[in-house]
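Here is a brisk report on one chain.

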Amino acid sequence: MKKGAKIAIIAIVIGLAIIFLGGYLFFNDVMQKAKIVEEFQQIEALTSQEDFDKEKLDEITNCTVVTGKYASVEKAGKKYANDIFNTAYGLKLFLQDEKMAQILTAENYQKDGPEFVESKNYISKTKEELQNGKTKMLSYLEEDKINSYIEQETTDESCKELYRQLLSEDINMSEAEKKDLETSIDKVITMLDIETEVIDFLIANKGKWQIEGEQVAFDSNQLVQEYNAFLSRLRIL
């Protein structure tokens, strides 16, 4: 074979190899992105349920299925999801705690009165947890906070852009939606404040009330009116 023909064949092989490599890299790039999208769709589908499976969420967010540069996107996104949804889950547990609704019951008055040490400790702890949870949740919805997760993982702009696309709903959440979240938790905290006032009222007037069946009975109409005023404030929340 002539030298020129050999050179031509080598050039063709090199060219095909470059085309194949480029095609493979492009295909691999697309596939890696698709895997990330699929992972985040799983997280979205799981957490959209009112009683989502926390163990399943942890299983998804604690593993990495993507390789190469986009692994940083998956890692950052899943860490963010893990942080915000675990905070939300913690808030949910406190809001669903039946004990919160049983503080102002005859059964609790009988059990914990007239000093109500356990009730006051419970209210104080619950308020603190709700305040901290609210603060953390609102911070996770700030754009700078969301972007900080990917900033810690990579400087690659294409990775950052993909990350922002995946978390666009969180980044673009309206101020009204954030305010709704804040207000809903604040209402519960206000309820706990009023419950504290009721407990303090009962402590201050111990000896002037007693439990009759499932009701609390006071020694005077004035105390009845004051007690009912607290309950009226709770009803309008």
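## Fold and burial

Of the chain's 237 residues, 33% count as buried (under 20% relative accessible area; exposed is over 50%, partly exposed in between; 1.4 Å probe, protein chains only). This is a predicted model: local features need pLDDT of at least 70, side-chain atom pairs count only at pLDDT 80 or more, and totals for chains, interfaces and linings use all residues. Residues are numbered from 1 along each chain as its sequence is written, and side-chain values use heavy atoms, with hydrogens and water left out.

The chain holds eleven helices and two strands (DSSP runs: H or I of at least four residues, E of at least two, numbered from the N terminus). Along the sequence the pattern reads α-α-α-α-α-α-α-α-α-α-β-β-α. Take contacts (heavy atoms within 4.5 Å) between residues at least 6 apart in sequence: 70% join residues at least 24 apart.

## Helices α3 and α6

The axes of α3 (residues 71-95) and α6 (residues 117-140) come within 10 Å and cross at roughly 150° (lines fitted to C-alpha atoms over the stretch in contact; angles run from 0 to 180 degrees between N-to-C directions). The pair is therefore roughly antiparallel (over 145 degrees). Residues in the contact include Tyr 80 and Leu 91 of α3, and Leu 130 and Met 137 of α6.

## Cysteines

| Residue | Relative accessibility | Class |
|---|---|---|
| Cys 63 | 32% | partly exposed |
| Cys 159 | 0% | buried |

Key:
Angles under 35 degrees count as roughly parallel, over 145 as roughly antiparallel, 65 to 115 as roughly perpendicular and the rest as oblique.
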